[in-house]
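Colleague: Could you show me how to read the features of this model, step by step?

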Amino acid sequence: RIREARLEEANLQNAHFHDAILHSSNLKKTNLKNAQFYRAELQSAHFERADLRGATFKQANLNDTYFFGAIFSNDTLKSILKARNWEKAHFDYGVHKELIEIYEKRKSA
């Protein structure tokens, strides 16, 4: 269990955070390319300006998680839609709009 971890600006590329508890953790400006957050508890975590290209969030809990200024790949955005409480996370307006568009396309397919 990790709570309130201070990992700002760390290089955590390809890290696995399966089932991790990272409540209120600081991951700002962190390199998280291809990181995996499968079933991670990320409530109130801060990913501001983090590089999340290729990261996966399947079944993670994103309630009140902050993603302002983060860099995403399309695959990462799709995985966010497989996370719990993604709609309660905080994104830049354009990213939020893109998530809604992907979500709506999936619903109508």
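Modeller: Let's start with phenylalanine 68, which counts as partly exposed at 35% relative accessibility. On this scale, buried means under 20% relative accessible area, exposed over 50%, and partly exposed in between (1.4 Å probe, protein chains only). The model is predicted, so local features need pLDDT of at least 70, side-chain atom pairs count only at pLDDT 80 or more, and totals for chains, interfaces and linings use all residues. Residues are numbered from 1 along each chain as its sequence is written, and side-chain values use heavy atoms, leaving out hydrogens and water.

Colleague: How many aromatic pairs does the structure hold?

Modeller: A pair of aromatic rings is described by the distance of the centres and the angle of the planes. Here there are 11 aromatic pairs (Phe, Tyr or Trp rings, the six-membered one for Trp, with centres within 6.5 Å; planes under 30 degrees apart are stacked, over 60 edge-to-face, the rest tilted). Phenylalanine 47 and phenylalanine 57 have ring centres 6.0 Å apart and planes at 85°, so they pair edge-to-face. Both of these phenylalanines are buried. Ring pairs also join Phe47 and Phe57 with Phe17, Phe37, Phe67, Phe72 and Phe91 in a cluster.

Colleague: And how many salt bridges are found?

Modeller: Side chains of opposite charge can pair when their charged atoms come close. The whole structure has six salt bridges (a Lys or Arg side-chain nitrogen within 4 Å of an Asp or Glu carboxyl oxygen). In one of them, arginine 53 meets aspartate 51 at 2.5 Å, N to O. Arginine 53 is partly exposed at 36%, while aspartate 51 is buried at 11%.

Colleague: Which residues are linked in a network of salt bridges?

Modeller: Glu8, Glu9 and Lys29 are. Within it, lysine 29 and glutamate 8 have their closest N and O atoms 3.8 Å apart. Lysine 29 is partly exposed at 34%, and so is glutamate 8 at 37%.
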